[in-house]
Amino acid sequence: MEEKKLRIDKKVLFVLLAIFGIILLFLFVYFFLVPRFRLSNFSSKVTVPLKADFTYNVGNACYGTFFHCEEVKATESGEVDTSKLGSYTVVYTYEYESKTFEKEQTVEVVDLESPTIEVVGEEPLTYCANHKGYGYEVKATDNYDGDLTDKITSTVLDEEIVFEVTDSSGNKASLSKPAILKDEDAPTISLNGEENVFIPLNGTYVEANASATDMCDGDLTSQITIEGVVDTTVAGEYQLVYKVLDSNQNEATVTRYVYVYESSDYPSLDGKNIYLTFDDGPSKYTDKLLDVLKKYNVKATFFVTDQGLTKGYDDVIKRANDEGHTIGLHSSSHNYGYIYSSVNAYFSDLNAIQAKVERITGAKSTIVRFPGGGSNTISKNYDAGCHIMSKLTKAVQAKGYRYFDWNVDSKDAGGAKTAGEVASNVINSLGNQSTYVVLQHDIKEYSVDAVETIIQFGLSHGYTFQALKMDSPRVEHSVNN
Ligand code: ZN
């Protein structure tokens, strides 16, 4: 049995060797003797840098056996645009007699170039506490993506800033520059609302706050602290100091002055008073004027009329009265030929405007201004030589009125034609006297437009604005008729 087994094993070995030999022979014939297209030095995938020249490469192609192979030529098809990133396919067609063979090649156009970072500025660069740089400019450009400045990131290390940017193909660039932390500039702080605030005793002070920005820290409004308090139950001057610090401890402050005053009049800060008076209205501009007066809490006097253009503005007279201004009597008709023709005619006209004012405000007025003023000479034309202004100035007082002329002429009824001219006429007339009664007309828009400037100047130069009252200082022209 042992011998037989061994013999069988030899047989099996022989068969296996024979099969192996046949396979080797077959492979030899297949690879070396069968004629076909043979291709070497060919890449089915190639990479081309952006904008580089691309040349087709068919490799070494031939048709035949391993031992004798005839060279064949190939034609290629498929475009490769190396100015655009992407994947392109090229097909090579090899021909030998009537036989053809095709081979595909994938061409990847790739960006291998990193962006460039450029920093313009004095070194060491300076940067803010929040890592925001200033005093220098940094730019990044890329051969394919163009401007990449927006994509730059910066990292602040010890005494250096590292700028980095990556293009859309993942190529990175990095640039390091020496740098120092620096913020020597204080924030900018400014008041919201007015610098001078006037509040009646027991009124309400509404904090308007302030705004602050810092070159390095940005908006610091929420960091503002306010020193000082306003006690509206005690009259006097209060200061509120708004303070802000940036992260480098640079400080900025701004002060608001709040005046709590006792009566309807402001405290006379240093005894200089301005009485703004407006004749011939109301008009379509009077509401706007009242807005300005309200904004500064300034009281004025309106010498009203009942001429054609003033009709339809009764509500404006009511508003002026309700907001604490004085409603004075100017004239109903403002017709010189009538009102100065006789004492009776004058009072007939005055009673008419008085009736209108009483109807609107519910109260009689005792404050009067003569059309043309107490010094007018126009009345001579109509009074038949009876010196009517001498009579009227006495008669109105005998009836319980007080009349007011002016000592500052804005010239808005002649001469001045712009808000700027009106404002400068008034401002240039102001000095250190205790009483300035200003003549303006609220039927002139440019005169109304001058009021805010006049108020701002007055408040910032120590003047107090008041409405005319029976006990106000007398400003009366000398009578010329
Ligand atoms: Zn007038």
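## Cis peptide bonds

Pro-124 is a residue of strand β8, which covers residues 116-127. In this predicted model, the bond between Glu-123 and Pro-124 is a cis peptide, with omega about 0 degrees.

A cis peptide bond also runs from Gly-281 to Pro-282, where omega is near 0 degrees. Pro-282 is found in a loop, the one between β21 (272-279) and α2 (286-295).

## Zinc site

Three side chains coordinate the zinc ion at 2.1 to 2.2 Å: Asp-280 through OD, His-330 through NE2 and His-334 through NE2. Along the chain, these donors follow the spacing D-x49-H-x3-H. Asp-280 sits in the loop between β21 and α2, while His-330 belongs to strand β23 (residues 326-331), so this pair ties together parts that are 50 residues apart in sequence.

Asp-280 has a relative accessibility of 11% and counts as buried. His-330 is buried as well, at 2%. Both values fall under the 20% cut-off for a buried residue.

Asn-297 is not a glycine, yet its phi is positive, at about 50 degrees. Asn-297 is placed in the loop between α2 and β22 (301-305). With a relative accessible area of 17%, Asn-297 is buried.

Lys-411 is another residue other than glycine with a positive phi, here near 60 degrees. The loop between β26 (408-409) and α7 (419-427) contains Lys-411. Its relative accessibility is 43%, and Lys-411 therefore counts as partly exposed.

## Helix α9 and the residue after it

Helix α9 spans residues 451-460, and its buried residues are Val-451, Ile-454, Ile-455, Gly-458 and Leu-459. Viewed down the axis of α9, these buried residues fall within an arc of 120 degrees, so they line one face of the helix. An α-helix has 3.6 residues a turn, so residues three or four places apart point the same way.

Gly-462 follows α9 and has a positive phi, near 80 degrees.

Conventions. Residues are numbered from 1 along each chain as its sequence is written. This is a predicted model: local features need pLDDT of at least 70, side-chain atom pairs count only at pLDDT 80 or more; totals for chains, interfaces and linings use all residues. Side-chain values use heavy atoms; hydrogens and water are left out. Helices (H or I, at least four residues) and strands (E, at least two) are DSSP runs, numbered from the N terminus. Buried means under 20% relative accessible area, exposed over 50%, partly exposed in between (1.4 Å probe, protein chains only). Donors are N, O and S atoms within 2.8 Å of the metal (3.2 Å for Na, K and Ca); water is not among the atoms, so sites may look incomplete. The arc is that of the directions from the helix axis to the C-beta atoms.
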